[in-house]
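The sequence and structure come first, then the text.

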Amino acid sequence: MKSEITTAQRIWNWVLIVGLMLLLIMALMPLLGPNEQWMRWAYGAGALMVLAARTAQAAACKSDDLRTRRLYRILVVSALLYVASGAVTIIDSGTSNWIAFLLAGAVLQIYASAMIDKMERNLNKS
């Protein structure tokens, strides 16, 4: 049983894509070359976009399965780690401590995304 994607979900998916692309590009820029102040602010903006999209997705999850809802909340925690990473880049610009938050968020996102996909496939089979 496939559920239809609403217009609001499509918009939040695009916000998520743009936010993740900002995170990726702005995380690579300081490692490859200059480390400008505007890059740090763009990175933080991308993190906030991801947080907003993940929060909206978790709120829109109407699954009866407790594990699926928990996995969506893990994605919100992942986005919070991205925001923490963005805050560290702005506050403590001389260090590379932000990478730890970025990697922790990425690990949680990979796990939760893979498990959500597996859970939804299993629910659609039955």
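Buried means under 20% relative accessible area, exposed over 50%, and partly exposed in between, with a 1.4 Å probe and protein chains only. The model is predicted: local features need pLDDT of at least 70, side-chain atom pairs count only at pLDDT 80 or more, and totals for chains, interfaces and linings use all residues. Residues are numbered from 1 along each chain as its sequence is written, and side-chain values use heavy atoms, leaving out hydrogens and water.

Ser78 lies in helix 3 (helices are DSSP runs of H or I, at least four residues, numbered from the N terminus). Ser78 is buried, at 1% relative accessible area. Not counting residues up to four places away in sequence, Ser78 touches Gly105, Leu108 and Gln109 (contact means heavy atoms within 4.5 Å).

A nonpolar core is a set of buried Ala, Val, Leu, Ile, Met, Phe, Trp, Tyr and Cys residues joined through side-chain atoms within 4.5 Å.

| Core | Residues in core | Members include |
|---|---|---|
| Largest | 17 residues | Leu23, Tyr43, Val50, Tyr82, Trp98, Leu102 |
| Second, separate | nine residues | Cys61, Leu71, Ile74, Met115 |

Helix 2 gives the most, with seven residues. Leaving aside neighbours within four places in sequence, Val50 is in contact with Leu16, Gly19, Leu20, Leu23, Ala79 and Tyr82.

Terms used. Helices (H or I, at least four residues) and strands (E, at least two) are DSSP runs, numbered from the N terminus.
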